[in-house]
Amino acid sequence: MAAEASESEPALQELMREAEISLLECKVCFEKFGHRQQRRPRNLSCGHVVCLACVAALAHPRTLALECPFCRRACRGCDTSDCLPVLHLIELLGSALRQSPAAHRAAPSAPGALTCHHTFGGWGTLVNPTGLALCPKTGRVVVVHDGRRRVKIFDSVGGCAHQFGEKGDAAQDIRYPVDVTITNDCHVVVTDAGDRSIKVFDFFGQIKLVIGGQFSLPWGVETTPQNGIVVTDAEAGSLHLLDVDFAEGVLQRTEKLQAHLCSPRGVAVSWLTGAIAVLEHPLALGTGVCSTRVKVFSSSMQLVGQVDTFGLSLYFPSKITASAVTFDHQGNVIVADTSGPAIFCLGKPEEFPVLKPMVTHGLSHPVALTFTKENSLLVLDTASHSIKVYKVDWG
């Protein structure tokens, strides 16, 4: 019996930690809910839960009107109420949380596992972010989101260094940013679903080029080792390569690399092999249910590997819904999963699928990911409006 208890203790500790992160933490300020006045969980009229301090911070000082930070519905601060289920859960788990020191820190990880070392952003700094990129020269992190200025640049420690891209209808404005990439010479390229264009800025936010009229719905965008730009067109079902003179702001050539793709969205390029991974969203026949499929093409655009939601279900007990794709420095395909949520390594394209969980806790809704030169993994979590930095723990 003692042996069984000792074996179950790590699982219970992990369960407690998941409860703390997923249920007992305000997803706006990342503070723990509690019985103290400012940290009491409050129900908004839309059903989402935030702490009382965030209700006060978000509400208009005179009218008390506020906008839900998650669903954007209009609410009134005076119409909030205590979230009794969360308060009851705090009471039920309170003694266990106090007794278990492991509940207040990351669960012990196996040597070589990825653990979250740093988080930055948060509601207000970022609003419903959709795309993430890393500047190859400066190491700065660029995010596109739904704020008044659509492009936000963070320094290496997570501070906001610069922002640009006004929300508006002018050609140089950004209506609805979907994805972003940074070129080898530090130009910022944004796909804008609002006017179905691709917009190129220098790193200080000056518009250099607007490419419009060529795409039905530009979505994913990525830079190649040769400083070209690959773009998916989700509505046309195609993948394109753009050659641009960024210094002069001139589009030199457009090439359609693939057609007949099924709602392609995310795209990634391996700097090791030149392979291109595309994330499709095909509809299951007769059901109207959307699944996901990862296709990987060689540098000569030959299909070298693919796997879909059903194929992954044969290797993993839970459904995996891929929301983003990238390559690591060894050429492995890495995907974000919103069903888990989690991050998985699928292995090299010729080995598909070698399913290895990399991150299985601490995420809410990952939508973008990339690796730094130091091999840290950056994950954009749109539900918590933040960037989470994962590093290998060799301890």
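Two strands pair if DSSP finds at least two bridges between them. Keep that rule in mind as you look through these close-ups, which come from a predicted model.

**View 1. Strands S16 and S17 lie side by side as an antiparallel pair.** Strand S16 covers residues 229-233, and five bridges connect S16 with S17. To find your way along the pair, look for Val230, which stands opposite Leu241 in S17.

**View 2. Is strand S17 largely enclosed or open?** S17 runs through residues 238-245, and six of these eight residues are buried, so the strand is largely enclosed by the rest of the structure. A residue counts as buried when its relative accessible area is under 20%. As you follow any strand, remember that in a regular strand the side chains alternate between the two faces of the sheet.

**View 3. Glu166 and Arg149 meet through their side chains in a salt bridge.** The N to O distance is 3.0 Å. This pair links distant parts of the chain, with Glu166 in strand S10 (residues 160-166) and Arg149 in strand S9 (residues 149-154), 17 residues apart. Both partners are partly exposed: Glu166 has a relative accessible area of 32%, and Arg149 has one of 30%.

**View 4. Asp169 and Arg175 form another salt bridge.** Their closest N and O atoms are 3.6 Å apart. Is Asp169 buried or exposed? With 62% relative accessibility, Asp169 is exposed, whereas Arg175, at 32%, is partly exposed.

**View 5. Lys388 and Asp381 make a salt bridge between buried partners.** The closest N and O atoms of this pair lie 3.2 Å apart. Lys388 has 8% relative accessibility, so Lys388 counts as buried, and Asp381 is buried too, at 0%. Elsewhere, Arg40, Arg42 and Asp82 belong to one network, joined by salt bridges that share partners. How many salt bridges are there to look for? The count comes to 14.

Note on methods: Residues are numbered from 1 along each chain as its sequence is written. This is a predicted model: local features need pLDDT of at least 70, side-chain atom pairs count only at pLDDT 80 or more; totals for chains, interfaces and linings use all residues. Side-chain values use heavy atoms; hydrogens and water are left out. Buried means under 20% relative accessible area, exposed over 50%, partly exposed in between (1.4 Å probe, protein chains only). Helices (H or I, at least four residues) and strands (E, at least two) are DSSP runs, numbered from the N terminus. A salt bridge is a side-chain nitrogen of Lys or Arg within 4 Å of a carboxyl oxygen of Asp or Glu.
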